[in-house]
Amino acid sequence: MAITVDPPDKSREIVDAYDLVFPILSDTGAETIRAYGVVHRDGDPINGVDIARPATFILDREGRVVWSELPRNWRVRPRPEELLSELAEIP
Amino acid sequence: MTAERPPRNHALWLGPLVAFGGMVSYFQFFVRFPTLRDFPWVNLPLVLIGIALSLGGFWGAYVRGSRWPVKLAASLGLALSLLFGGFLIAYVFGISNSLPSTTLITRSLEQAPDFALEDSAGRVHRLSDYRGSKVVLVFYRGHW
């Protein structure tokens, strides 16, 4: 699942454009983003709004965080192969 | 009986063109390739070539003592190349690095906090509904 501050209709454009099969969830108030400690204050400089910094978490079947990655640079994200191999290690 | 014309100074216009292409194609095209996005292996050389061409054009215009319109064009071209190339370099190595550092909240997360959020079709997803499944949660900046 993906989480962003974008409203649902903005996310719908992304889902349609890339034929995404996973949901994009809208956290317009950034409450969940804050709960995970991944808020980027005023990260949207145009509107002066708090957004999410890029972050990836892998949860096991009981909802425990077993892996996470927070890049230092927003252009650099984990590769799909990396996530798949981490997922394969979870029973 | 034509007067001998000085060689054309193509670097004048090629420089800013290459620098502009090098900058724009990073965002429009090369970001789709992870290796070329993480480090601009194509775009950094392109903008540097553009700047070098403009420097050559500038040098040519002033050393050969071209007429003032040529000197003006060479100066403008160099300024544009530096602007385009400088923006790419600033974005890649500076601006996109300006993320907050990781927080204590994130580092001490054990049980993932539950949430109930709406997806793009208006359906509400609760994290607790996914008990029994492995979950990948991707937070991203969004498109605002």
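Student: Why is the crossing of α1(B) and α4(B) called left-handed?

Tutor: A crossing is left-handed if the near helix is turned anticlockwise from the far one by less than a right angle, and right-handed if clockwise. The crossing of α1(B) and α4(B) falls in the left-handed class. Helices here are DSSP runs of H or I with at least four residues, strands are runs of E with at least two, and both are numbered from the N terminus. The model is predicted: local features need pLDDT of at least 70, side-chain atom pairs count only at pLDDT 80 or more, and totals for chains, interfaces and linings use all residues. Residues are numbered from 1 along each chain as its sequence is written, chains are lettered from A and ligands numbered from 1 in the order in which they are written, and side-chain values use heavy atoms, with hydrogens and water left out.

Student: What makes α1(B) and α4(B) roughly parallel?

Tutor: Their angle is about 20 degrees, with the axes 8 Å apart. Axes are lines fitted to C-alpha atoms, for helices over the stretch in contact, and angles run from 0 to 180 degrees between N-to-C directions. Angles under 35 degrees count as roughly parallel, over 145 as roughly antiparallel, 65 to 115 as roughly perpendicular and the rest as oblique. The pair α1(B) and α4(B) is therefore roughly parallel.

Student: Which residues of α1(B) and α4(B) meet?

Tutor: Contact means heavy atoms within 4.5 Å. Among the residues that meet are G15(B), A19(B) and M23(B) in α1(B), and A74(B), G77(B) and S81(B) in α4(B). This contact comprises 16 nonpolar, 4 polar and no charged residues. Ala, Val, Leu, Ile, Met, Phe, Trp, Tyr, Cys and Pro count as nonpolar, Asp, Glu, Lys and Arg as charged, and the others, Gly among them, as polar.

Student: Why are α3(B) and α4(B) called roughly antiparallel?

Tutor: Helix α3 (residues 43–63) and helix α4 (residues 68–93) of chain B have axes that come within 9 Å and cross at roughly 160 degrees. The two helices are therefore roughly antiparallel to each other. The crossing of α3(B) past α4(B) is left-handed. Their contact divides into 15 nonpolar, 8 polar and 1 charged residues.

Student: What makes α1(B) and α3(B) roughly antiparallel?

Tutor: The axes of α1(B) and α3(B) cross at roughly 165 degrees and come within 7 Å. This pair is therefore roughly antiparallel. Its crossing is left-handed. Contributors to the contact include L14(B) and V18(B) of α1(B), and L46(B) and L53(B) of α3(B). By class, 12 residues are nonpolar, 7 polar and none charged.

Student: How do you know what counts as the largest pocket, and how much space lies in it?

Tutor: On a 1 Å grid over the protein atoms alone, a pocket is an open set of points with protein on both sides within 12 Å along at least five of seven lines, and lining residues have an atom within 4 Å of a point. About 1800 Å³ of space lies in the largest pocket. Of its 41 lining residues, the closest to the centre are W74(A), R77(A), R37(B), Y140(B) and H143(B). The largest share of the lining, 4 residues, comes from α3(A). The lining has 28 nonpolar, 7 polar and 6 charged residues.

Student: Which residues is P23(A) in contact with, leaving aside its neighbours within four places in sequence?

Tutor: They are M1(A), A2(A), D119(B), H125(B) and Y130(B). P23(A) is placed in the loop between α1 and β2 (24–26) of chain A.

Methods. 1 Å grid on protein atoms, 1.4 Å probe; cavity = no way out; pocket = protein on both sides within 12 Å on 5 of 7 lines; lining within 4 Å. Points joined across faces, edges and corners; volume = space filled by probe spheres on them.
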